[in-house]
Amino acid sequence: MTGGGGGAGVISVVLAVAAVACAIQVFRFDSMARATYALLGSLLCVGGEVLLLGLDYLGVVIVLMMTIEMALMGVFMVIFMMNPGGLMPMTMTHNARGAAVLSGVVFAGLAAGILLVPWPSARTRRPADPTLDLGRALMGPHMLTMMTLGLALFATIVATVTLATARGRYGPSEPAPHGSGPPPRGSEPPPREDGPERGQAPPASHPHPHPEEHA
Amino acid sequence: MADAWWSLLVLPVVLGVVACAAAGLDSVLGASALYGPARSVRALGTRAAWPLREAGRLLGQPARRTKAADTALVRAGTALLPVAALLAGAVVPLGFAAVSDPGVGLVWFNAMEALAWAAVWLTGWGPNSAFSMAGGYRFLALGLAYELPHMFALTTAGLGAGSLRVGEVVAAQDGLWFAVWMPAAFAVYLLSAVAMAFWGPFDQPVGTDVAGGAAAELSGVDRLVFLGGRWLLLVVAAAFSVPLFLGGGHGPLLPPWAWTLVKTAAVLALLVTMRRALPALRPDRFMGLAWMVLLPLTLLQALVVSVVVVLR
């Protein structure tokens with residue numbers, strides 16, 4: 001995925017600006033759902049940047065993983081964060097002055113590092129398969145360990161989730177031991193087929209039988 | 001390999017025609033279930049043309065907005081579903097030529113159909129309606145269940161070919177189709193194709209018990225775009241099973257594009273009839289089946305395929 005040098009440069013600048021703009025919007029949106037998907041937009045731009053580096057597999061995997069993660073994160077944001085629907089104005093920022101000082105210092109440090117580090121010369125030949133070379137450079141001597149670790153992590157995640165959700169919302173799939181799960185069917189009275197009897201007032205409007213007791 | 005720009009315009013047309021045909025089949029099956037078999041060829045044609053009539057009706061229907069709806073998210077969600085389907089369809093070859101054949105075609109397909117997760121949830125969340133939100137959440141639960149076995153089925157096909165490029169997966173099936181020696185992966189892929197388009201036994205996200213679920217508050221063009229996008233996604237998922245497991249365009253006598261269409265039609269007919277043959281599966285119950293049965297099954301299948309690939 002290599003464009004002409006100028007074209008790739010323009011696209012990378014556009015993607016960088018879009019990523020930062022989406023990230024700013026994460027903190028400016030009132031709705032948690034919008035904040036989550038603004039973050040997704042930012043991360044998709046990052047995936048595009050990785051694609052521009054020639055790391056095809058990593059870029060597409062970033063798009064895949066971030067989409068699924070943000071979709072699930074949206075659920076948790078709605079559960080735990082205030083104002084999920086954005087129906088009221090609110091602000092998500094705290095300690096604005098301290099945060100501005102800290103982020104300015106970090107930005108200055110990163111910019112100084114980027115400008116002062118000795119980058120390799122442009123005459124270095126681009127490898128034929130950047131993903132393979134990156135993988136070898138990161139994990140080369142320890143490839144077997146890494147693969148085993150990956151499989152062990154995956155097995156742990158699957159095992160913990162299945163153990164934690166062995167019961168569905170309406171009770172376990174298999175008959176539970178007595179004392180857990182919903183009451184067995186047939187122990188509740190059958191529902192009335194014709195609704196409340198005529199002549200009786202509906203229960204909601206019936207006055208409370210003993211209001212004086214709550215004095 | 002067609003890298004011509006015009007293939008990008010041909011793709012939505014071809015997918016749309018196939019989707020209309022599949023929707024016509026579904027409509028004929030539904031009408032036969034409700035009203036009995038068609039009495040004449042003309043009646044059969046009328047039943048089969050129902051999707052086009054419904055599309056026309058929806059185009060003329062005024063849009064409905066609920067109170068305090070997040071309209072931007074609704075529009076983003078409904079538009080994202082067909083876009084995801086078209087982007088995923090860009091790597092599906094017709095015969096041996098696709099719109100694009102990147103070196104990571106399998107992962108690209110997976111990433112683009114994962115956009116449907118965002119699309120359905122946004123469509124469910126946006127209208128500020130309880131039933132549509134329930135539908136959106138149901139799709140995420142369904143996605144958790146089917147995604148891992150789906151990914152391992154895709155990986156197994158890539159393993160058999162030794163590459164993530166769709167063209168090489170097709171080329172590796174010159175002699176023996178992958179569906180023959182990777183049947184578990186093929187079956188799991190078909191199940192996940194039905195699940196990713198929330199079709200048939202997995203249609204709880206738009207189920208009748210939540211008044212239409214994620215599509216409950218959609219009307220007019222929004223509804224057409226969303227449900228049409230769902231059909232496109234089903235067609236693309238069925239079409240992708242052909243280069244992955246059914247040999248792509250390989251076959252005697254007919255030209256490759258005809259073989260692709262024939263095989264896609266067979267898979268689509270199976271998936272469409274699955275809707276009325278199987279009851280709806282609740283996503284959290286399917287989660288148990290998917291993670292306890294399908295996941296080890298696909299891992300075992302991948303192990304068997306790896307051993308075969310290493311030994312040959």
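At what angle do helix α6 and helix α9 of chain B pack, and how far apart are their axes? Hi everyone, let me start there. This is a predicted model, where local features need pLDDT of at least 70, side-chain atom pairs count only at pLDDT 80 or more, and totals for chains, interfaces and linings use all residues. Residues are numbered from 1 along each chain as its sequence is written, chains are lettered from A and ligands numbered from 1 in the order written, and side-chain values use heavy atoms, leaving out hydrogens and water.

So, the answer: α6 (residues 130-161) and α9 (residues 183-196) of chain B pack at about 145 degrees, with axes 9 Å apart. Helices here are DSSP runs of H or I, at least four residues, numbered from the N terminus. Axes are lines fitted to C-alpha atoms over the stretch in contact, and angles run from 0 to 180 degrees between N-to-C directions. The crossing is left-handed, meaning that the near helix is turned anticlockwise from the far one by less than a right angle. Among the contact residues are B:F139, B:Y146 and B:H150 of α6(B), and B:V188 and B:Y189 of α9(B); contact means heavy atoms within 4.5 Å. By class, this contact has 11 nonpolar, 3 polar and no charged residues. Nonpolar means Ala, Val, Leu, Ile, Met, Phe, Trp, Tyr, Cys and Pro, charged means Asp, Glu, Lys and Arg, and the others, Gly among them, are polar.

Now the other helix pair. In chain B, the axes of α5 (residues 105-125) and α10 (residues 221-245) come within 12 Å and cross at roughly 160 degrees. That makes α5(B) roughly antiparallel to α10(B), a term for angles over 145 degrees. This crossing is left-handed too. The contact includes B:F109 and B:E113 of α5(B) and B:F226 and B:F240 of α10(B), and its classes are 10 nonpolar, 1 polar and 1 charged.

A pocket is an open set of points on a 1 Å grid over the protein atoms alone, with protein on both sides within 12 Å along at least five of seven lines; lining residues have an atom within 4 Å of a point. Of 45 lining residues, B:W50, B:E54, B:L227, B:R230 and B:W231 lie nearest the centre. The largest share, 12 residues, comes from α1(B).

Key
Helices (H or I, at least four residues) and strands (E, at least two) are DSSP runs, numbered from the N terminus. Angles under 35 degrees count as roughly parallel, over 145 as roughly antiparallel, 65 to 115 as roughly perpendicular and the rest as oblique. On a 1 Å grid over the protein atoms alone, a cavity is a set of points where a 1.4 Å probe fits but cannot get out, and a pocket is an open set with protein on both sides within 12 Å along at least five of seven lines; lining residues have an atom within 4 Å of a point.
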